[in-house]
Amino acid sequence: MANAVYPPYPLTLTQAEQEYLLANLKDWSITHGLAVRPTSLYVAEDLDPARALATTAPVTLFPSLFPRSCFDQARAVSQAYSELYSAIAADEEWLGEIVKELLEIDDFIENLWKVHLAVKKEGYAQSLQLGLFRSDYMVHVSDSDSDTRLSVKQVEFNTIASSFGGLSSQVASLHRYLHSVDAYPEVTSSLITDASLQPSGSVPQLASGLAKAHRAYAESDKPHRPVCVLFLVQDVERNVFDQRHLEYALNTDYGVRTFRLPFSRVLEDTSLGQDRKLLYTPPSLSGKQWEVSVVYFRAGYAPTEYTSQRDWDARLHIERSAAVKCPGILTHLAGSKKVQQVLATPHSPHLAHFLPDKAAADKLLATLAPIYPLDESEAGLEARKLATDPQTAQKYVLKPQREGGGNNIYRSEIPGFLQGLPKTKWPAYILMEMIEPPTQGNAIFRNGEVQSGEVICELGVYGACLWRDKVDNGVVKGRDVLENFEAGYLLRTKGAGSSEGGVAAGFGSVDSCCLLDL
């Protein structure tokens with residue numbers, strides 16, 4: 001980790017101060033849906049057989065300090081990133097060349113591509129595409145003695161199931177509330193102010209993206225039935241309240257009807273009607289049928305969710321339909337780590353191809369950390385040397401083509417991991433230079449306990465992008481962007497000794513930004 005560059009946070013609270021802060025934190029969180037279903041380690045399954053209980057989401061007691069210049073830098077490239085990845089998803093030939101390098105070494109990517117080919121053969125039933133993206137960054141401190149500048153470097157770009165937009169708005173409001181009721185010690189008053197606490201508009205903005213896609217579907221497809229948005233969810237979902245905030249915003253602010261459909265019930269509860277309209281029959285409303293405008297994927301992003309051919313049949317069923325997919329299969333594939341590596345490899349020509357605006361491309365390029373392939377190209381062979389040398393491997397992280405936390409291999413673990421992996425499988429991974437974030441003090445409330453110490457933060461900036469594909473002779477070649485806007489932010493914080501940061505995976509906590517000028 002980089003040396004701390006932040007002023008010290010006074011984490012030593014008196015017993016009375018901590019009791020007052022926690023009482024307000026716990027009650028506000030449950031009252032406002034800053035919550036998750038408890039794990040079985042916290043509440044045994046036999047004590048909650050109906051899964052009726054909720055607990056405060058893992059959350060920081062204090063808003064974490066974040067450089068204002070870095071926050072502004074990440075926000076400034078939000079629309080450019082959405083422009084970039086929508087362009088990639090709309091260039092089937094370019095994306096296909098990237099994906100083909102993985103087909104023989106990654107079964108999951110291969111099966112996703114097969115779904116795309118099957119839809120392409122039949123013909124696309126919907127040209128509208130929606131992306132609710134999240135670009136994740138860490139503050140990077142240069143290790144050069146002559147360069148102490150702070151900047152953000154991208155960890156990854158998420159194109160499917162970009163979570164915690166619901167909770168991120170809530171935690172920012174929580175920290176503002178705690179400040180308003182004097183839950184923070186007086187000595188923090190120079191840091192924690194109304195001006196420094198940064199709200200997140202992720203709930204209304206992400207809901208707006210879904211509503212705009214819903215409206216565009218209705219205007220172009222002229223439905224003759226009641227229309228709904230389907231949230232495609234996992235059978236057992238601890239992070240349900242994060243999703244519910246978006247559902248309720250769609251219902252309250254836009255009058256859009258939403259339903260939750262478990263991935264395992266796609267084939268039972270939906271069918272394809274005329275022109276491949278996706279029709280949903282809620283089990284609770286027997287005989288009533290809804291036409292689906294948008295399928296919002298909060299499931300179906302991980303290989304573990306495809307345990308049989310029936311699961312792949314369900315994914316194909318949705319992709320064949322005329323519903324707007326968020327995301328479509330090509331957008332899902334565009335989010336693979338291989339695409340990130342191709343864009344971020346030093347001297348790569350691909351960024352300029354998709355972003356001809358040099359000023360925008362240069363700003364985006366400044367956020368990319370160097371990433372290398374592990375194939376047999378010249379860059380790949382050099383990366384293999386770096387990854388297998390225990391000394392040089394200390395500066396890198398090894399990433400597979402996967403979403404969610406817990407999949408990466410870090411630093412000293414890399415040489416041994418590769419030694420146990422056939423070399424034919426190495427190209428399924430990318431090698432990325434470690435980002436060196438500054439540490440700071442904070443405390444995390446998780447499962448009823450407070451854990452204090454040094455932490456590091458990861459900033460995610462959401463973007464909503466709606467576009468219409470251009471199809472030429474059955475091939476997607478370009479698009480018209482209809483909407484492209486920033487959609488709030490997420491801050492996740494974890495102990496400085498933890499490599500992974502996924503909140504749902506059990507590594508991190510949700511947080512909000514206390515901006516300061518450094």
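The model is predicted, so local features need pLDDT of at least 70, side-chain atom pairs count only at pLDDT 80 or more, and totals for chains, interfaces and linings use all residues. Residues are numbered from 1 along each chain as its sequence is written, and side-chain values use heavy atoms, with hydrogens and water left out.

Helices (H or I, at least four residues) and strands (E, at least two) are DSSP runs, numbered from the N terminus. Helix H12 covers residues 337–344. Eight of its eight residues are buried; buried means under 20% relative accessible area, exposed over 50%, partly exposed in between (1.4 Å probe, protein chains only). Among them are Lys337, Lys338 and Ala344.

Two packed helices are described by the angle between their axes and the distance between the axes. Helix H3 (residues 78–89) packs with H12 at about 115°, and the axes are 13 Å apart. Axes are lines fitted to C-alpha atoms, for helices over the stretch in contact, and angles run from 0 to 180 degrees between N-to-C directions. Leu84, Tyr85 and Ile88 of H3 meet Val339, Gln340 and Leu343 of H12. Contact means heavy atoms within 4.5 Å.

Two strands pair if DSSP finds at least two bridges between them. The table lists two pairings.

| Pair | Sense | Bridges | Opposite residues |
|---|---|---|---|
| E18 (residues 449–472) and E19 (residues 475–495) | antiparallel | 16 | cysteine 465 and asparagine 484 |
| E19 and E20 (residues 509–511) | antiparallel | three | threonine 493 and serine 509 |

E18 and E19 form a hairpin, with two residues between them. In that turn, asparagine 473 has a positive phi of about 55°.

**Two buried residues**

Proline 185 lies in the loop between helix H6 (165–180) and helix H7 (202–221). Proline 185 counts as buried because its relative accessibility is 13%. Beyond its neighbours within four places in sequence, proline 185 is in contact with Leu13, Glu17 and Phe62. Glutamate 101 is 84 residues from proline 185 in sequence and 55 Å from it in space, C-alpha to C-alpha.

Histidine 317 sits in helix H10 (residues 309–320). Its relative accessibility is 13%, so histidine 317 counts as buried. Leaving aside neighbours within four places in sequence, histidine 317 is in contact with Val266, Leu267, Thr270, Ser271, Leu272 and Leu278.
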